[in-house]
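Hello,

Here is the structure I promised to pass on. My notes follow below it.

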Amino acid sequence: MADNQIKKPRGTTDYFGKEEEVLAGLEEVLMDESRLYGCQRVNPPVFEESRLFHRSVGESSDIVRKETFDLQRKGDKDYTLRPEFTAGVNRLVLENKLYASPDLPLRYAYMGKVFRYERPQSGRLREFYQFGVEFLDRKVDLDCALDALLLSVNAVKKALGKPVKVLVNYLGSFQSRENYKKALAEYFRPHLSEMCDDCKNRFETNPLRILDCKVEKDREIAKGAPRIEDYLSDDDKAEYGAIISLLESLRIPYVKDDGLVRGLDYYTGLVWEIYDLENPDFPALGGGGKYASLMSDIGGPDFEGIGFSLGVERLILDMPHERVEAIRKIAKVDVFLIDLERKGKGCAIAERLRDLGMSVSMPSFGKGMGGCFKMADRIQAENVLILFEDGHLEIKDMKTREQKIIDEEGLVALFGR
């Protein structure tokens, strides 16, 4: 193999064969679950104006500080490959005036590729798929928040075919969060000289994000920090209590984690992450939360939202083998046509069958009869149709192994029902 062969970029995946079938099957499972909650699918562009992500995701978030794929400038605007969907969905709603709908909340689901320039590792790629949902309303009430949380839990359970647990926290109203950030700043200020550079930067932009630090020394310092629950209003506490009560009544395993702040700056109120209950060492499969000012920050009305996203590749990595096989969308072939006549009539017959909605595949001329039947078995063809050199047709049912002579009208009668 030549040394200069072009290979896929680091941190990306080629989907083909079984991998593509599993991806397609998982997409169907997730989208079907979203429809049970009244969601409609949306598909915003893969790239947007850079300022959409810098303004809405937050300058202190890791996505903006070190993970975006910024495109080379051509023209008068800067563009960035989307690092997440939430900002793009909000822009879509704003630009197309969907917020004016009388039917609220808006419920949108999506699945597609996102791009982050980070160090590739198991379950963490530079180009990967996200499935997610956004609910948008003038005010996200408790029912709306609970629906979003339950949809995320059930989507992961359906995907994996096994139970999950939820880490939950409540960041409170805007004022509650601002008061808490001040308290965190007072606590961390004397410790700054001992902390990592990321924490020092987060201290200046958003002290909440220090709680998300993965450096062990900093995590030890954070253990003594004030707790968000001490800064919640009575309304915040009542809503958080209702959320916990629902999780308990539905027997959904959960852990209250007051260090959970998520990776983006726009979250307020309920935030959560989802983990495999049977594989607690596996990374988070997804997470979400409520946000209060994202749409107004990009020039829209004062809407609230709540949403979540799931890492599709992580779901596949964590999926048991039996579940992988169960959800595969295998593209079976209805008719495998072996043309021994080789005068073009085989293609005409194939087109007639395709007009009837049948999938038809054909082997190359150079393959012998034995090789053709082995190929038919490998691609799981339902029937093998043989066009012999004298022009007559025979069809073989690959399940029953019954073979019989048939003419074109007989084919139409057989497959046209």
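Which residue of strand 13 stands opposite Phe336? The answer is Ser361. Strands here are DSSP runs of E with at least two residues, helices are runs of H or I with at least four, and both are numbered from the N terminus.

First, the ground rules. This is a predicted model: local features need pLDDT of at least 70, side-chain atom pairs count only at pLDDT 80 or more, and totals for chains, interfaces and linings use all residues. Residues are numbered from 1 along each chain as its sequence is written, and side-chain values use heavy atoms, with hydrogens and water left out.

**Confidence**

The protein chain has a mean pLDDT of 90. That score is the predictor's confidence in each residue, from 0 to 100. In the chain, 94% of residues reach 70 or more. By element, strand 1 (residues 40-41) has the highest mean, 98. Helix 3 (residues 62-67) has the lowest, 54. Where pLDDT is low, the predicted coordinates should not be read in detail.

**Overall picture**

The chain has 417 residues, and 49% of them are buried. Buried means under 20% relative accessible area, exposed means over 50%, and partly exposed lies in between (1.4 Å probe, protein chains only). There are 15 helices and 16 strands. The C-alpha trace spans about 90 × 55 × 45 Å along its principal axes. Of the contacts with a separation of 6 or more, 70% are between residues 24 or more positions apart. A contact means heavy atoms within 4.5 Å.

Strand 12 (residues 335-339) pairs with strand 13 in the parallel sense over two bridges. Two strands count as paired if DSSP finds at least two bridges between them.

Another open sheet has three strands, in the order 2-4-3, with antiparallel pairing. Strand 2 (47-49) and strand 3 (69-70) are its edges, each with a single partner strand, so one side of each is left without a neighbour in the sheet. Three bridges join strand 2 to strand 4 (residues 79-81). Glu49 stands opposite Tyr79 there.

**Strand 11**

Is strand 11 (residues 304-311) enclosed or open? Eight of its eight residues are buried, so it is largely enclosed by the rest of the structure. Glu304, Ile306, Phe308 and Leu310 cover one side, and Gly305, Gly307, Ser309 and Gly311 the other. Strand 6 (residues 127-137) runs antiparallel to strand 11, with eight bridges. Gly132 is opposite Ser309. Strand 10 (residues 286-291) is also antiparallel to strand 11, joined by six bridges. Gly288 has Phe308 as its bridge partner.

**Cavities**

The structure holds four cavities of 30 Å³ or more. A cavity is a set of points, on a 1 Å grid over the protein atoms alone, where a 1.4 Å probe fits but cannot get out; lining residues have an atom within 4 Å of a point.

Best wishes

Note on methods: On a 1 Å grid over the protein atoms alone, a cavity is a set of points where a 1.4 Å probe fits but cannot get out, and a pocket is an open set with protein on both sides within 12 Å along at least five of seven lines; lining residues have an atom within 4 Å of a point. Grid points are joined across faces, edges and corners, and a volume is the space filled by probe spheres set on the points.
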